[in-house]
Structure formats: structure tokens, C-alpha cells
Amino acid sequence: MSTPTYTPLANVTLSSSASSVTFSSIGQGFRDLVLIYRGSSSSGQIGWSVNGQSGIDYFMTAESNGSSNASQQQQQATINQITTVSDNVVMVMNVMDYSATDKYKSFLVRMSAASALTGMYALRSNTTSAITSLRIQGVTFSAGSTFELFGIVA
Amino acid sequence: MLIPIGFFGGGASGSYELIQTTLVSSMSTTVTLSSIPNTYKHLQIRATLRGGPATNDRPWIQFNGLAGQNYAEHSMYGNGSAVYSSGAGNQDKISQILIPGDNGTALVFGAFIIDVLDYGNTSGKYKIIRSLGGSARWNTSNEVGLVSGLVKTTSAINSVTIGSVNGGIAAGSRISIYGIKGA
């Protein structure tokens, strides 16, 4: 029997709208995390934070809305920088080496909202601590939106 | 909403399997993952990389030790100011998105997810890769982008070599390769 490698850790469908979703008590037995968000929300920009920390984080973005392209890089506290729209959104967030304590944490994100935009993002949380909680925030997520968290073994 | 992990979790069946992980312990000119078995349908490489002795570096990837004019690439990337694209044929490797070099800000790595599709096919197909990569830094050269690559070999892929323009993959870098089973 093969060893599970891409392991579902959490799967939630919102029964009512929520301004954030936090995954807590994340175990350290994996190498990467993958968060998949599908749903709708208020339009705006999705952000993230780890381990309940605030502080300076970093992002690099490249987005296209069908008529123009844009790229930004920035450092700031409380980053909400992943553009989303109101409906039919899929976001895949890869948290790389989340349990490593010898590096800052790198994220790779793809945002797909076929009616409005496509985007790719590199993010960094300036912590060398292992990530034990992950919070997605910045917009009001609608009831029926789903969030799935997976752990990838290495 | 707070979701405690473990309440919904469970084990998955083995359709996505770890083949190898390499943790780089000291600056290495290149890193090669070899002896990749031909028992999967696709491969996925997941990596956190820091480059050679420079502020910035650009990693590259080769397969089966193949050099010469056996690769083509196209990329689309943002650099913090604008979105660009580039392409090249007849290359001796496939370039990837810019990452921190080992002289750059400490503890910062670039990240990559590289899919190698139908890697084991020996029925006359060249191999296709696609990648998402980038890093987030401030006030320095920086990119996030997509790369599509062509590997002009009809042989099964059995090794992957990663290096960089500035000649090194730094300590702390991690390269994992996974196999994805077909139906």
C-alpha cells in the first residue's frame, strides 16, 4: 500500500458569509500546503496572514483583466493583494516549505476568475517559524464558498 | 471562521507519490535528481531555491543530461512594474523565473512548481513542461511568472538537473519530485 502524499487536511463549505477563514493547529508532518478556494465574495482583494502574526510581508503580482496587464511589488503590513471578484472564483495557494525553520515562507498563488481576471502572485511571510495557522481574509466570503486544505509530504 | 485541522482530515490513496527529495546542504553547482522510474503518467517538481553568489539569479532546468539546441521556452512574467513576455527556441536549457541569489536578502527563497507532462512517453512525442515560479522581495529585481518549455527528446525522462546562470544552488534549497499516476 502506498503512503498518502497529497493528504486532505480540511474541507469546509461556509454555511453563512464570513470575513475570514482560519485553519489552525496545522500539523508539521508535511512539506507544502495547498489551499484551494472556490466561491464568491465581495469584490476586492484577498489577503493572508500566518500564525496570527502581523508585520511586514511582501508580494509580487502579475494580473490581467482582459484589456490590460499590471504588475506590482510591495512590502507592507496586512497584505490584501490578491484581486478577486464577486463570483466564479478559483484560487490555488501553495505554501512552500511551511514547516521549515531555516527560511522565510514563500507562497505561489494562481487566481482564476474567468469573467474578470487571471492572476499570479508570489508572496512572502517574514517568519522563520513553522506555520501552524493560516488565515485568509480581506473580503466577505459568501455562503457556499469552499476552502480545502491539503498537505504534501516530502 | 476557525477550522481546526484534523477534524475533517483523512488519508488519500497513492495517486500522487513522492519519488525523491533533495535538500541542498552546501552551495552546489547543479542539483540532479536521477533514476526517475517510468511508472507514472506525469511528474511534478516542487522546489524552494536560492541561487549562486549574486544578488539575483536565474535558475535553469535540463532533462536526461540533454544539452545542445534541444529546448524551447516561452515565459510571461511580472517584475513589479509591468507584465512582459519572452520566448526562445534552440536553447540548451529551459530558463526559469528570477530568484534571490545567495548574496541577496538572507532567508529569502524563490519557489517553483513545475509540471512535466507525459514524461514517460516513448511513442514519438517531445516532452512539455509548464511552471509557475517567483519570489517576493522589495526594492530589487523580482519576478513572478509562468514558463512553458519544450524538451526535444522522445525518450522517457529519467533525470532532472537544476542549475543557475550564476553557477550555483545554495544551501537550504529543496527540490522534491512527485509522480502522478494515470488511470
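Colleague: Which residues does B:Ser75 touch, not counting residues up to four places away in sequence?
Modeller: In this predicted model, B:Ser75 belongs to strand 7 of chain B, which covers residues 71–78. Leaving aside residues up to four places away in sequence, the residues that B:Ser75 touches are B:Tyr84, B:Ser85, B:Ser86, B:Leu146 and B:Val147.

Colleague: Which side chain is joined to that of B:Ser75 by a polar contact of 2.7 Å?
Modeller: Among the residues that B:Ser75 touches is B:Ser86. A polar contact of 2.7 Å links the side chain of B:Ser75 to the side chain of B:Ser86.

Colleague: Does B:Ser75 count as buried or exposed?
Modeller: The relative accessibility of B:Ser75 is 14%. Buried means under 20%. Therefore, at 14%, B:Ser75 counts as buried.

Colleague: What is the volume of the largest cavity?
Modeller: The structure contains one cavity of 30 Å³ or more. For the largest cavity, the volume is about 40 Å³.

Colleague: Which strand gives the largest share of the lining of the largest cavity?
Modeller: Strand 6 (59–63) and strand 11 (110–117) of chain B each provide at least two lining residues. The lining includes B:Pro59, B:Trp60 and B:Ile61. The largest share, three residues, is supplied by strand 6 of chain B.

Methods
Residues numbered from 1 in each chain as written. Chains lettered and ligands numbered in written order. Predicted model: local features only at pLDDT ≥ 70, side-chain atom pairs only at ≥ 80, totals over all residues. Heavy atoms only, no water. Helix = DSSP H or I, 4+ residues; strand = E, 2+ residues; numbered from the N terminus. Buried < 20%, exposed > 50% of the residue type's maximum accessible area, 1.4 Å probe, protein only. Polar contact = N/O pair within 3.5 Å; in protein donor to acceptor, adjacent residues only side chain to side chain. Contact = heavy atoms within 4.5 Å. 1 Å grid on protein atoms, 1.4 Å probe; cavity = no way out; pocket = protein on both sides within 12 Å on 5 of 7 lines; lining within 4 Å. Points joined across faces, edges and corners; volume = space filled by probe spheres on them.
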